[in-house]
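I opened my notebook to look at how the chains of this model meet. Come along and check each entry against the picture.

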There are 4 protein chains.
Amino acid sequence: MPVLGQNQYGKAQTRVVRVARAGERHELTDLTVSVALSGDMADAHLVGSNAAVLPTDTVKNTVYVFARERGIASPESFAAELARHFVDAQPTVRGAVVDVAEHRWERLGDHSFARAGQDTRTARVTFDGRALEVLSGLTGLTVLNTTDSEFHGFVRDAYTTLEETTDRVLATEVTACWRHTAEEPAAVAAADWNADHAAARQRLLAAFAGTYSYSLQQTLFAMGSAVIEQLPGVAEIRLSLPNKHHFLVDLSPFGVANETGDGAVYHAADRPFGLIEATVLREGAEQRIPVELTRL
Amino acid sequence: MPVLGQNQYGKAQTRVVRVARAGERHELTDLTVSVALSGDMADAHLVGSNAAVLPTDTVKNTVYVFARERGIASPESFAAELARHFVDAQPTVRGAVVDVAEHRWERLGDHSFARAGQDTRTARVTFDGRALEVLSGLTGLTVLNTTDSEFHGFVRDAYTTLEETTDRVLATEVTACWRHTAEEPAAVAAADWNADHAAARQRLLAAFAGTYSYSLQQTLFAMGSAVIEQLPGVAEIRLSLPNKHHFLVDLSPFGVANETGDGAVYHAADRPFGLIEATVLREGAEQRIPVELTRL
Amino acid sequence: MPVLGQNQYGKAQTRVVRVARAGERHELTDLTVSVALSGDMADAHLVGSNAAVLPTDTVKNTVYVFARERGIASPESFAAELARHFVDAQPTVRGAVVDVAEHRWERLGDHSFARAGQDTRTARVTFDGRALEVLSGLTGLTVLNTTDSEFHGFVRDAYTTLEETTDRVLATEVTACWRHTAEEPAAVAAADWNADHAAARQRLLAAFAGTYSYSLQQTLFAMGSAVIEQLPGVAEIRLSLPNKHHFLVDLSPFGVANETGDGAVYHAADRPFGLIEATVLREGAEQRIPVELTRL
Amino acid sequence: MPVLGQNQYGKAQTRVVRVARAGERHELTDLTVSVALSGDMADAHLVGSNAAVLPTDTVKNTVYVFARERGIASPESFAAELARHFVDAQPTVRGAVVDVAEHRWERLGDHSFARAGQDTRTARVTFDGRALEVLSGLTGLTVLNTTDSEFHGFVRDAYTTLEETTDRVLATEVTACWRHTAEEPAAVAAADWNADHAAARQRLLAAFAGTYSYSLQQTLFAMGSAVIEQLPGVAEIRLSLPNKHHFLVDLSPFGVANETGDGAVYHAADRPFGLIEATVLREGAEQRIPVELTRL
């Protein structure tokens, strides 16, 4: 007799754009919001009764009404308000997970903007009726160092042909997710999530650019440590770094030298790619971010 | 002082195609293989020493050599052989996770094939030096019922406008992942994974088509139960079912009726979409498939 | 003083699904429809007057009403009805181009279907107020031969390192588009577009599978000729065939032979790829399909 | 008897990255290059002889060697050098079309960069043995105005329900392509393509932001005119502007007003979308950019 295990449902990818236009200078906020609810939903699965189910269409409507009436101070605060609403307002809903992706725009003028494609800011807030878990993050941040990267001294087995290198291009597309110690609704409401995120992003970029690297693992740990050290409220950070390989093209068949240095030419490969993933923790902190959360 | 938490690395998305041509009638196997290794890798992160790191390039080479020398009996068995190899052969590697996606082809002739785009078969094998965990699955299987789906009796709050319906189109794109009780290498090697997978896939399709549904949750539970009931070696199954909404177009402004029935016209929406996720367990089985594994 | 040149506007990618359910056995038609209109639209561009502009929202509504009231006998006939409507009904509209993509489904039961991912059927109908130009086609049809493909005797210059081969894997993803001689509305209405398309698709597959090939160019011409020869109403066909390279993996560093034959292992590459494009014409026919129409 | 029509072949999407590191401050150039060659290729199609065919693998090698030895002053100049090479060096090659996409990076430090995702710069150079045709362009530039856009006074027919508006969000993703009068190799070599492109891009952005718009058609013409007026060497420009609809969400069922103005909330729709395309010409110039070139 099969049994129902963990289950959740909700509305994924509601696209909400809000324009603040108090004066001449407008502000634009552009989010994709996904909500997952869980609770006393067994009857929907087992006997076809929806008496405990708030429709996902209603979830979507709620996102829009909250955006209109409460505004969007930050992805984290907006997600927290929504998560608390669904659990507090519906007796059958015991838990909510709200994921927000914020699409960045650059200002062209008072009321004109261009989409900034570099990376997407992310937030996930989980509420279980008592505490909030707040994750901040980003995805799609592609960075490259043209030097200061070596890779050697690795294990060699019967299937190893890779040559050692003391100067290579190192490139990756950063996906990062960090967890905050703030869990009380009041603390979550009081935090300056935007300043916090900007500081974390800046530290990730600086650590990538500034680390003389003997492996992408080392760069990863430097990046994670930089965020932990900068932001006292961050308990842990998970990073997923695909190695976007840039291979020196072998031009020797044509009598053309192509070594690292001025004018070197690389093939930017698609697949396969190395993939380096790790969590960096504040000393004493518990590891809670799921390993699967940042996978590609 | 930041501390290193869970970490893993490997080669993602190695594309390997193998042709068996014993006689006139050739066979084609087309896989994308991703490998993640973990173990004594702290020094790579902390002090820039790669003495414990088998290069990801070697991982890729190993995939190709194994495909050549051992063949690919099934995604599960191939993943199991690779996972055991990395842990057994490298003292610094303590765990391996091997993900395989098998791309399906239809036969056109003795040595000719057309890619069957319907769904991708997946497998994940994890080895920790003692036991194997084998997950089978599929993704990208889009199915649709034109009737036998109702949705009513749900919660209504201040943000609910959805109308009840007793006849709607129900469509989803199935992602499923099921865990086998076989954990001993000998049992894993002896199983008929291809027959097993075909049976599971057939049961998922039959349960979708054959369930008179009062919600996608109910359909999900019926689909999961069908697999649990059919395959005694399956301990649990996780399903992720986006509700691919088909909305009846309102043509009343043009004096045109458009109700469910012959000739009804629907708008197939992109976003947002409902998303229903749940695990179905064999009675007494432990829930181990991570909630995040099947997310979109 | 800048001048307005060719211009067109319309609604792209309206997703329309229609269900025929005369009896127990339902039928499903799933289209993406794009419409481009042209005519006396200079004022909209030059002086901000929309007096000649039928809104694109109206175009979308019209697609739905036509699907409801007239049904969808075939992509070609549906596109033709729409193209004629816009030009005939609106004095300011002088030309219409209607593109239809039909997504294929396989039957699972009387009212159940699974999306068939293999390829998408396409149609483009252009109407200028007098004649119809009907293009049929398909895209996304991936096919592979495991043998009967050679490539040698090519030009060698200072940058050539490619080795000659007498047995290789040949794979491509077919995009094809063929033009019909039927131009009169009555002839277009009378044609059996579905039978025609099925015959063309079958001939493309058979020609790919059955041609012993010395180059993808040769295969392309054989495929195009097969359609021209089968269908007397086809004046020309344009094919775009990316060479989906399958490279034999060099396993010699590991002492492993990997030559074409039983058990050969290939790397399926992403980029770059060869791209072969050509038009095949019925003798005496004019070449009208734009070179750009089938590009990737 | 089927006949061969227009045909071309080549290597698509070669990914080439070049690093200039004369001193401490490195420079990065990141291109995707596609080459299409045409000429005396009938035998390859008709009789399986490759005696006139330079392999596409050689085309790829040539791209890398040219990048190494000649550098990449601009997409246009690099494309021109390649196009001339293939036609001049191979007697069987009579024409070449070289497409270049340049991926933009922002500087993080002397040797560190972040991918700038906003838009991709494009160039297409065609050489027929005598003259060069140089097209410059961009794609993926998403822009949005929060006001100064109206839409009314349009045609109303039986299928029109759209309401008129005097204040809406206007957003689009610009694809543009402009043709230069420079055709002589010496003139092409002498031009400052980078300054030219920067000026055109700036004018496109300024015209989008600065135009009070009564339709996207009007904005398109203003954008095209701005480039024509700024750059005397541009003969024509083709623009393809999808209308990325932002619909005011109707919150009236919840007693919530949501009108254009401070705090307005919009649904950013995916499909369908309006699509506005037109060419703007310098007075007296010939229209040569194919209508299909900029389609989505």
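How many residues of chain D are in contact with chain C, and how many of chain C with chain D? I found 76 residues on chain D touching 76 residues on chain C. A reminder to myself: this is a predicted model.

**Entry 1: chains D and C**

I looked up the buried area next. Chain D and chain C bury about 6600 Å² between them, and 55% of that lies on carbon and sulfur atoms.

Then I turned to charges. I noted two salt bridges between chain D and chain C. In a salt bridge between Glu292(C) and Arg124(D), the closest N and O atoms are 2.8 Å apart.

Which elements of chain D supply at least two residues each to the side that touches chain C? My list has strands E1 (3–12), E2 (14–20) and E13 (273–281), along with helices H1 (42–46), H2 (56–70) and H6 (216–230), of chain D. E1(D) gives the largest share of that side, with 10 residues. Sorted by class, the side of chain D that touches chain C holds 34 nonpolar, 29 polar and 13 charged residues.

I then followed a strand across the boundary. Strand E1 (residues 3–12) of chain C pairs with E13(D) in the antiparallel sense, over eight bridges.

**Entry 2: chains A and B**

I moved on to the other pair of chains in my notes. Here 76 residues from chain A and 76 residues from chain B make the contact. The area that chain A and chain B bury between them is about 6600 Å², 55% of it on carbon and sulfur atoms. Which residues of chain A lose the most area to chain B? They are Pro2(A), Val155(A) and Tyr159(A), together 11% of what that side buries.

I noted two salt bridges across the interface of chain A and chain B. Glu292(B) and Arg124(A) meet in a salt bridge, at 2.8 Å from N to O. For polar contacts between chain A and chain B, my count reads 38 residue pairs, both residues at pLDDT 80 or more.

Last, I checked the strands. E13(A) is joined by eight bridges to strand E1 (residues 3–12) of chain B, and the two run antiparallel. Opposite Ile276(A), I found Tyr9(B) in E1(B).

Note on methods:
Residues numbered from 1 in each chain as written. Chains lettered and ligands numbered in written order. Predicted model: local features only at pLDDT ≥ 70, side-chain atom pairs only at ≥ 80, totals over all residues. Heavy atoms only, no water. Contact = heavy atoms within 4.5 Å. Buried area = accessible area lost by both parts, 1.4 Å probe. Salt bridge = Lys/Arg side-chain N within 4 Å of Asp/Glu carboxyl O. Helix = DSSP H or I, 4+ residues; strand = E, 2+ residues; numbered from the N terminus. Nonpolar A, V, L, I, M, F, W, Y, C, P; charged D, E, K, R; others polar. Pairing = 2+ DSSP bridges. Polar contact = N/O pair within 3.5 Å; in protein donor to acceptor, adjacent residues only side chain to side chain.
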